[in-house]
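Have the sequence and the 3D view open as you read.

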Amino acid sequence: MNRNFSRLFQVIRKETKYIIGLMSGTSLDGLDVALCAFTGSGTNTKVEVKHFITKPYTPEFRAQVKAVFSKKQVDLEQVCILNAFIGNYHAELVLACLQEWGMEPQEIDAIASHGQTIYHAPASQHQLPGMPNATLQIGDGDHLAVNTGILTLSDFRQKHVAAGGEGAPLAGYGDFILFAEQGKDRVLLNIGGISNFTFLPGSLDVARMFSTDIGPGNTLMDAYVQQQFPGKFYDADAQIALSGKYNQALVEALLNQTFFQLDFPKTTGPELFNLDYLKSALQQSAQEQLAAEDVLSSLNRFTAISIANAIKQSIANGNAELFISGGGMHNPLLLQNLEELLPGVQIRTTAELGILPDAKEAVLFATLANETLAGEAATFENSNKQMPAVQMGKISFPF
Ligand SMILES: Nc1ncnc2c1ncn2[C@@H]1O[C@H](COP(=O)(O)OP(=O)(O)OP(=O)(O)O)[C@@H](O)[C@H]1O
Ligand SMILES: CC(=O)N[C@H]1[C@@H]2OC[C@@H](O2)[C@@H](O)[C@@H]1O[C@H](C)C(=O)O
């Protein structure tokens with residue numbers, strides 16, 4: 001048997017698999033790298049996060065990605081080059097992590113790479129008759145495999161689209177495998193660039209579970225800070241928003257969007273929630289002269305309301321437990337707003353379920369790779385259309 005396949009079969013048979021999950025989200029803050037040790041698969045999965053780090057991106061790299069990120073018109077040559085460049089760059093970052101952890105590439109069984117989303121176009125958004133849901137992640141897996149010498153699974157979202165989904169959120173698969181618990185309804189809320197949540201019924205009935213985007217998480221706040229406060233990347237500890245106050249008319253205009261009326265599950269991205277979106281809400285509410293601090297405070301309030309409305313809908317009839325993750329949980333004003341808008345709901349983090357909240361999405365992709373290598377799609381056989389029972393990730397061999 002050739003050495004690529006013999007390595008693949010060796011990895012498949014290993015009782016404990018060491019998989020590095022890589023996530024680069026819509027915030028473009030850096031590459032999340034989680035080294036996970038897996039045993040079992042499906043609902044028998046056990047995972048231990050051995051190491052986790054976010055490797056921050058350089059401002060130059062961010063600027064390069066931003067040039068093609070969620071834009072309808074781009075320089076195609078730049079996209080082509082970035083596809084290879086990001087694969088190589090992520091490989092370099094993985095090798096740097098291994099060195100910091102005192103490990104060799106041979107000790108790692110697989111890399112699970114999300115890549116970089118540069119455009120997300122569900123049919124509900126592009127509305128082109130006869131055209132499918134579509135999403136595009138770049139940072140090719142072959143570059144990661146060849147440059148690290150590690151078997152790599154990548155490009156997880158295409159299979160989901162091919163099987164009838166929107167390519168996102170994929171969190172539901174990992175949330176069900178890692179966090180579902182008999183007798184306890186749970187909501188797993190992630191506040192990244194875009195916010196999303198998974199509802200896990202205590203009945204463990206996969207037909208009743210779902211995973212959906214909510215709307216903006218940090219994306220609008222980040223974009224506004226970067227535009228108005230050059231040199232700042234985000235509103236660290238909500239210092240700017242806390243020095244202003246929210247404007248009700250602007251908040252209402254921001255909430256006036258048909259995406260919020262669509263049923264769950266649904267997906268979105270910065271293609272909709274961007275600075276043009278804010279500009280038209282400012283015009284609609286006649287608040288173009290509002291101070292930047294008040295605009296940011298309004299964005300914070302609007303983000304919290306859209307999240308709270310979605311959570312309230314899903315826990316309306318019960319005592320679901322709420323666990324949060326993602327960078328937005330570090331924004332104290334966002335948390336304060338959420339607490340006020342969700343009275344009686346205890347807000348806990350996934351740390352209480354054994355997974356560091358900042359690592360959760362990287363662990364998710366490692367979990368998806370573990371399923372493809374060791375599991376059975378059968379876990380999700382009776383799930384709804386947005387959670388097709390497929391094994392995701394394309395396999396790239398190092399040689
Ligand atoms: N101390 C803090 N104060 C305020 N905001 C913070 C803080 N720390 C992180 N954030 C926010 O979290 C963001 C990063 O979040 P995260 O890494 O979860 O996003 P992501 O993975 O890119 O998103 P997505 O889930 O959409 O792919 C930052 O851009 C910032 O807005
Ligand atoms: C197309 C895409 O990259 N979507 C991301 C994005 O970031 C958050 C939200 O929008 C979610 O739908 C998804 O990522 C997470 C990891 C997911 O698929 O569950």
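Before we start, one term: a residue counts as buried if 20 or more other C-beta atoms lie within 10 Å of its own, with C-beta atoms placed from the backbone. Keep in mind that this is a predicted model.

**Helix α10**
- In helix α10 (residues 248-255), the buried residues are Leu250, Val251, Ala253 and Leu254.
- Look down the axis of α10 and you'll find these buried residues within an arc of 165°, so they line one face of the helix.
- What do the buried residues of α10 pack against? Their partners are α11 (275-284) and α12 (292-314).

**The two domains**
- Where they meet, 21 residues of domain 1 are in contact with 28 residues of domain 2.
- On the domain 1 side of that contact, β4, α4 (123-126) and α14 (360-374) each give two or more residues.
- That side of domain 1 has six nonpolar, 11 polar and four charged residues.

**Around ligand 2**
- Ligand 2 is surrounded by 18 residues, and the closest are Thr117, Ala168, Pro169, Ala171 and Ile194.
- β4 (110-121) and β8 (194-200) are the elements that give two or more residues to this shell.
- The shell is made up of five nonpolar, 11 polar and two charged residues.
- Why does ligand 2 lie between the domains? Domain 1 and domain 2 both give residues to its shell, so that's where it sits.

How values were computed
Residues numbered from 1 in each chain as written. Chains lettered and ligands numbered in written order. Predicted model: local features only at pLDDT ≥ 70, side-chain atom pairs only at ≥ 80, totals over all residues. Near = placed C-beta within 6 Å. Helix = DSSP H or I, 4+ residues; strand = E, 2+ residues; numbered from the N terminus. Nonpolar A, V, L, I, M, F, W, Y, C, P; charged D, E, K, R; others polar. Domains from an automatic or database assignment. Buried ≥ 20, exposed ≤ 12 C-beta atoms within 10 Å, placed from the backbone. Arc of directions from axis to C-beta. Contact = placed C-beta atoms within 7 Å.
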